[in-house]
Amino acid sequence: MKAIVIGGGQHGLAAAALLAREGLTTTVLEAGSKPGGLCRGREFVTGYRHTGIHHDSDALRPSAIAALALEEHGLRLRPAPPVFVPSPEPERALQLVASDLVRRQEATGFTAWRASIDGWRQVIGSVLDAPVPPLGVGEAAWPVLKRAVELRMLGAERMIELLRVGVASAEDWLAEHLAEPHLRAAIALPALIGSYMGPRSPHSAGVLLLREALSTPNEVEGGPAALIDALVRVAEHHGATIRLGKQVRTLQLDTGRIKGVELVDGEVLEADVVVSSLDPRATMLGLVPPGAICVPEEDEIRRVRCRSTSAKLHLALSRLPPSASRPDLSPERWRVVRSPRHLEQAFDDQKHGRLPRTPALDVRVPSLSVPGLAPEGHHVLSAHVFGVPARDADAWTEQERQALLDRALAELEVDRPGLRDAIVGHELLVAPDLEQRFGTTGGHLMHGEHALDQLWVGRPGPTYCRGRTPITGLFLASGGVHPMGGVSLMAGLLGGRAAAESR
Amino acid sequence: MSQQGPWDAIVVGGGHNGLVCAALLAKAGRKVLVLERRHVVGGAAVTEEIYPGFKYTVCSYVVSLLRPWIWRELELARFGLELLPLECSFTPHLEGSGLCRWPDPDLTRQEIARFSATDAERYPEFGRTMGRLARFARHFIDAQAPDPASIWPRDLAQLASLGQAALELGDADLEIQRKLTLMSAADLLDEWFESDALKAPMSCSGIIGTFLGVRSPGTAYVLLHHYMGEIDGASRAWGFARGGNGAVSEAIAASARHHGVVIRTEAPVAKIKMSGNQATGVVLESGEEITARAVVSGLDPRATFLRLLGEQHLPPEFAKRIQRYKFRGSSGKVNLALDRLPDFTSRPGIGPHLRGDIAIAPSIDYLERAYDEAKDGRFSSRPYLNVVIPSLLDPTMAPEGKHVMSIFVQYAPYELADGPQSWPQHREAFGDAVVDTLAEYAPGLKEAILHRQVLSPWDLEQEFGLTEGNIFHGELTLDQILFQRPAPAAARYKTPVRGLWLCGSGAHPGGGVMGAPGGLCAKTMLQQAGV
Ligand SMILES: Cc1cc2nc3c(=O)[nH]c(=O)nc-3n(C[C@H](O)[C@H](O)[C@H](O)COP(=O)(O)OP(=O)(O)OC[C@H]3O[C@@H](n4cnc5c(N)ncnc54)[C@H](O)[C@@H]3O)c2cc1C
């Protein structure tokens, strides 16, 4: 039996490895010249490489590592480095670690906050790990009831509290525990990247909670790019073929059943099963021939919201200027934020189509731990820039790009004076660039916004949330399908399993 | 009946909910005393003649959710309540003739079709869908809040029957219900309609009384409110009480008195008296003490638990919940006495379009900008307005030929940048922003104004006792409704303090002139022999 996997990113490779292991003749078709998609490491300035558009890998699911035996194929984990939060006032700069927090007298609140998340981790994990049960009565009622019982087993108080926090705003939730606004902004930031929310938006606490509950103390040594290397090895070990430079133009169907794919270069490949790791919109609206699915099924996909509120910045640096607030530290991860109010403003700015007055940055300096990314003594800085409007490509003139870059650099330079002078080259990728390069709808890094209605049965919708589609033999393995986007591999396994089970 | 104790129950606050609760208790044979701080009963549902000859429906101005069962049990029609239907929803624009939605579906279709033919076709379907879901929502507003944490057979049965009702909706409606619960009003409407001119005024019901924008997640479910109204048993959007919303309170008060309730006005309560963990009565500001077997508070949770009672009498976890309970008033009100009717450039002249509600909501972006502007503690320079001209429906509201205009305004944040107490300095500027905004659509308005009353959230707090000026006794966001309102331990009217009950809008199912919290509180008290 033949399987084709469209897209050789984390999810596509994971699905391919599963299918090949199950004995299917599996071919991965990747449009790029190298596998990896948003996790692919790339030389963005001659001599300087990053480790992926996604730069963190601490959400990688331990169950996924085990399922694919990734550690037998060269995947190495290391403790995820602490997050540093610089501040113009040196005494307020700190790392999100116990010892620093004690100094700032935020330790009690932070510990209580972490403890409440730990109390929910298992329930959340079991919802995310399991496929979405079909809603309704009969056999379906059982898994739903099981989840309800699990929830109830938390104890009345913790259950009700979970239901409250889940729909609260990140700022309200964090303010209940932490007095320092600047700290709250730093903690909230990663939940905002990938959703269409500011810290004051209701439900942002729910998204933050999910992300926190998914994060582990470990990450992949070498970053997302090294995860791809391991996935390629597993997939090939099980016999999958990875073909590069192969872009699929359309799916070929035979009376509602998948027959194969046609490539842009005209080649036609036959398959019994096709798993697409493109985002649901790109697959169902872009690859499926028009008219193949009925209107309500198409509407369900058309309604998936993919509004990007961030851009990606890569800097090649001749040196890494020390932190002004904590010269004693050499942190790999920073979050450059001012306050929840500034974050909210950045969100509002992009909402009204303006450049953010003060963009917030989720920064990583992979060259501090991964050898060979830059010439000796040089560095690579990777940053998600939050507060960037989703505009059309032609609205991003050179001038506008430069203005955005300047504002981002100005924020970075507050704690790293001299950074600008150390820049050897840069790459700024706004949403249309990401869309063009990776094919993700709206340039959205999560293959669809993280929002409570776009999770679980709503990711991307009741018809598709189990990785199946109305077309027999076509499956989805994308972050746009349950459970969520980001580097976790879960959606890939889910889609791969759904396809394998279909035989 | 005697004007003296001993009282079975004292109701603190003569808002419409307090009155409903008192009336139902008295109807069941209990001796009830209502203590109201102001000189009139009604709280946020009052009509007052602030300027001679002109009656303002000072705060709330339309009726939609007043529960039919309360209406029946208290015989409100017999006690003088009459509702007049509001005929249409008009959204003027600066250019073009705006949009007017009429009771006649054909007329509405034609109006919408000027903006989008597909929207015109879909509009009735949206209404029908919302109508079905509104019927489902009634399971929630006419009963105690479900308690997902309880293992009592009765509570499990309630959960099961709600689950059953949800399944009966069918997959398609259940999916829409899911979206309604979780999405923003703007995102949800985007799924149905393409025209901003239609979506903007529709989205407004999602933000009324809350400090959120139309794009904030969790605002979609409030859209249902518009389809939940029942007037005289018929499903209808909004009605206007003849005589203003004070007439609602007056009718309830008359029914209450008929059943023997004693109502004292200008009787502000200073403290709830405690003996051990038992509320035993109240102390008035005058120092007078009155005892009763039960104390029922129609005030909001913060005023009740932290001001009248005091943290020392509460379990610490509960006190923390009440402190966290969000108010964040963001609405204001401007009442005008007018020499003549406004003339909108969109639709010149006096016509039926003036007889409904008039919304200044030209686009989703306009509304969202109004919200964003207010986040940092300023009132919106171009706010969302909801305007009604009561005197057109009920000529007794103003001298002959003259008119009164009620303008509900968002956003006016309680928490101004210079602090809430700076509102008196900003009040008139706020009033100017409101009038200027409206005058852009109806030039000549300013010249027609005989008198203007401006109520900021600060004024709502000072005058009506609404904490932080929140019109609903606390935000109606998902984390503060049902079993979370105002806290799990007090979500069913009974509180952690023995003998103290909550019957105001800060209890399930929340704010609005609907009488449900008061009515359900009375029912619960009688059931549990709390009185
Ligand atoms: C400007 C505005 C516009 C609104 N528009 C609408 C609308 O159009 N339609 C709608 O359905 N809803 C509307 N609402 C909401 C609705 O009016 C309220 O939710 C509802 O009236 C609240 O009723 P209640 O009985 O729960 O509380 P309240 O009406 O607040 O009653 C509480 C009572 O307690 C009294 N009190 C306070 N402190 C003391 C004390 N210490 N001792 C004794 N008495 C005290 C107060 O004076 C008041 O009478 C509006 C509200 C406002 C403020």
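This is a predicted model: local features need pLDDT of at least 70, side-chain atom pairs count only at pLDDT 80 or more; totals for chains, interfaces and linings use all residues.
**Inside chain A**

Now step back to the whole chain. Chain A is divided into three parts: domain 1 (2-39 + 58-77 + 221-304 + 449-501), domain 2 (96-208) and domain 3 (306-438). The C-alpha centres of domain 2 and domain 3 of chain A are 27 Å apart. At their interface, 21 residues of domain 2 of chain A are in contact with 19 residues of domain 3 of chain A. Together the two domains bury about 1700 Å², and carbon and sulfur atoms account for 70% of it. Three residues stand out on the domain 2 side: A:Leu189, A:Ile193 and A:Tyr196. They supply 40% of the area that domain 2 of chain A buries against domain 3 of chain A, more than any other three residues.

**Between the chains**

Next comes the interface of chain B and chain A. Here 33 residues of chain B are in contact with 34 residues of chain A. The buried area is about 3000 Å², with 54% from carbon and sulfur atoms. In chain B, B:Pro217, B:Arg324 and B:Lys375 lose the most area to chain A. Together they make up 18% of what that side buries.

How many salt bridges are counted between chain B and chain A? The count is 11. In one salt bridge, B:Arg324 pairs with A:Glu176, and the closest N and O atoms are 3.4 Å apart. B:Arg324 is also among the three residues of chain B that lose the most area to chain A. The rule also finds 17 residue pairs in polar contact across this interface, both residues at pLDDT 80 or more.

Four elements of chain B give two or more residues to the side that touches chain A: α6 (170-182), α7 (185-192), α12 (316-324) and α13 (364-374). This side has 12 nonpolar, three polar and 18 charged residues.

**Strands of chain B**

The last stop is β14 (residues 289-297) of chain B. The table lists pairings of β14(B).

| Partner of β14(B) | Direction | Bridges |
|---|---|---|
| β1(B), residues 7-12 | parallel | five bridges |
| β13(B), residues 278-284 | antiparallel | three bridges |
| β20(B), residues 500-502 | parallel | three bridges |

Individual residues show how these strands line up. B:Ile10 stands opposite B:Val295 in β14(B). B:Val283 stands opposite B:Glu289 in β14(B). B:Val296 has B:Trp501 in β20(B) as its bridge partner. In a regular strand, side chains alternate between the two faces of the sheet.

What joins β13(B) and β14(B) in their hairpin? Four residues lie between the strands. In this hairpin, B:Gly287 takes a positive phi near 100°.

Definitions and conventions: Residues are numbered from 1 along each chain as its sequence is written. Chains are lettered from A and ligands numbered from 1 in the order in which they are written. Side-chain values use heavy atoms; hydrogens and water are left out. Domain bounds come from an automatic or database domain assignment. Contact means heavy atoms within 4.5 Å. Buried area is the accessible area (1.4 Å probe) that two parts lose on being put together, summed over both. A salt bridge is a side-chain nitrogen of Lys or Arg within 4 Å of a carboxyl oxygen of Asp or Glu. A polar contact is a pair of N or O atoms within 3.5 Å; within protein, one must be able to donate a hydrogen and the other to accept it, and residues adjacent in sequence count only if both atoms are side-chain atoms. Ala, Val, Leu, Ile, Met, Phe, Trp, Tyr, Cys and Pro count as nonpolar, Asp, Glu, Lys and Arg as charged, and the others, Gly among them, as polar. Two strands pair if DSSP finds at least two bridges between them.
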